[in-house]
Amino acid sequence: MFIILAGAGKIGFTLAAQLTREGHSVTVIDCSRERISLVSSSLDVMTVCGYADVDILRLAGAEKADLLIAATDSDETNILCCMVGKKLGTRHTIARVRQEEHYREVVLLREELGLSLTVNPEYAAANEISRLLRFPSAAKVAPFAKGQAELVELKLTDRNPLCGTSLRDYHSRFGDGTLVCAVRREGNVYIPGGDFVLASGDTIGLVGAPRHIHALFRELSIYKKRAKYVMIVGGSRAAVYLARQLLSMGIRVKLLEKNEEKCARVKDAAPKAEVVCCDGSHPDVLDEEGMAAFDALVALTGQDEINIIIGTYAMRAGLDKVVTKVTEGHYAELAGTLGLEEPVQPRNIVARQVLEYVRGMENSADASGVETLRQVMEGRVEVVEFRVSEASPCVGRTLSAMPIRRDVLAAAIIREGACIIPRGGDMLHPGDGVIAVTTTPGMTRLEDILKG
């Protein structure tokens with residue numbers, strides 16, 4: 001597929017890297033020679049230096065492009081770029097839109113503007129954080145099938161009853177409602193078989209219906225109730241989105257921001273939040289504002305280092321849930337070495353949204369294509385939801401009769417609103433959803449789970 005990417009910032013670079021890894025032909029446009037030089041020296045892509053206007057888009061080949069992704073720093077530029085690209089003949093367009101007022105209007109007018117998809121990194125990050133606060137026992141929560149199934153990550157400690165359990169005995173001990181579908185151990189990631197024995201220090205991926213996952217966590221005595229009182233440090237766009245979401249769920253919010261103008265904007269956007277104009281990066285300020293009384297703390301300042309410091313302090317103070325946001329990958333690795341849960345990275349969330357759309361483009365109308373795509377285990381495992389079509393060669397065959405690849409696990413079947421943890425004798429029916437887990441990215445059709 002031929003893809004043009006306008007904007008070579010953090011999100012643009014991440015997208016270009018992911019798309020080239022999946023075998024697409026990518027041309028990157030940016031007005032900064034420094035950024036273009038970095039992209040051309042790091043990635044196997046074509047580059048064009050200039051503003052993404054009609055002449056540059058023509059030069060980049062917009063008339064024959066399958067997809068144009070506009071991810072510059074300007075919402076207006078992104079929207080206009082996509083409109084021009086569509087007029088020149090580009091088949092599909094995706095615009096990054098960050099300003100809330102622009103995002104609401106663009107979503108409403110998406111068809112009129114010729115946009116295939118709009119992505120908002122801060123809004124997407126807020127959604128992910130709110131899910132973590134609704135399910136604080138988990139380190140990561142990835143929904144599928146409109147919330148009918150979830151994949152959660154859980155780190156095992158010495159006291160967890162799962163330690164020492166072989167996966168062959170898992171269902172007899174803990175029921176049929178959940179499945180261990182991935183394990184990260186000492187830097188390695190596994191799609192585990194029946195002989196795999198869970199151990200302290202493992203991070204496991206669990207798939208199941210939300211009620212079954214909650215029931216398992218209660219049985220393991222690690223269930224934590226949904227946060228009721230949350231402290232947010234930082235008045236960024238993501239913080240505003242998150243505050244409003246939490247308030248709408250009946251969760252109390254206290255937000256700390258040192259910039260008076262940002263404080264005023266937050267008060268206007270989320271009037272029911274308690275907003276305090278102070279520097280929440282200082283431990284003594286956090287203590288003065290009663291951090292110990294909160295169920296959770298979310299660090300959303302504009303500096304990765306500060307977010308990690310705040311998160312580490314809150315974790316060591318004993319808060320039940322601590323969430324940090326980072327933009328740079330090396331800071332995410334640093335957070336892990338300090339004992340923090342995997343940070344939320346907006347650019348990775350946007351990359352996943354775009355990849356999900358791109359893989360969907362590659363399928364014909366009758367194909368069993370991608371419905372949902374998630375990346376877990378620090379991005380090293382892909383979880384893909386497919387919709388089973390009548391024409392699929394998987395229909396009418398038991399799972400045990402299918403030549404499923406060794407690096408793939410059919411983890412769940414979604415049928416008539418129910419999440420089924422499959423056994424070898426289960427069959428796939430047209431209209432089913434199938435959640436497949438793999439350590440090898442790139443699946444675009446259900447048939448990709450089979451050996452070639």
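The model is predicted, so local features are reported at pLDDT of at least 70 and side-chain atom pairs only at pLDDT 80 or more, while totals for chains, interfaces and linings use all residues. Residues are numbered from 1 along each chain as its sequence is written, and side-chain values use heavy atoms, with hydrogens and water left out.

Helices and strands are DSSP runs numbered from the N terminus (H or I, at least four residues, for helices; E, at least two, for strands). Together with helix α2 (residues 33-42), β2 and β3 make a β-α-β unit that is right-handed, meaning that, with the strands pointing away from the viewer, the path from the first strand over the helix to the second runs clockwise.

A second sheet is open and antiparallel, with five strands in the order β17-β18-β21-β19-β20. Its edges are β17 (370-376) and β20 (418-420), each of which has a single partner strand, so one side of each lacks a neighbour in the sheet. On average, neighbouring strands here are turned by 20 degrees against each other, direction ignored.

Helix α15 lies across β17 and β18, at about 145 degrees to β17; axes are lines fitted to C-alpha atoms, for helices over the stretch in contact, and angles run from 0 to 180 degrees between N-to-C directions. The axes of α15 (residues 346-361) and helix α7 (residues 121-134) come within 9 Å and cross at roughly 100 degrees. That makes α7 roughly perpendicular to α15 (65 to 115 degrees). On the α7 side, the contact (heavy atoms within 4.5 Å) involves Pro-121, Ala-124, Ala-125 and Glu-128, and on the α15 side Pro-346, Ile-349, Val-350, Arg-352 and Gln-353.

Where does Ala-227 sit? Ala-227 belongs to the loop between α9 (210-219) and β12 (229-233). Ala-227 is buried, at 4% relative accessible area (buried means under 20%, with a 1.4 Å probe and protein chains only). Leaving aside residues up to four places away in sequence, Ala-227 touches Leu-133, Pro-136, Ile-251, Asp-295 and Ala-296.

Methods: Parallel < 35°, antiparallel > 145°, perpendicular 65-115°, else oblique. Buried < 20%, exposed > 50% of the residue type's maximum accessible area, 1.4 Å probe, protein only. Pairing = 2+ DSSP bridges.
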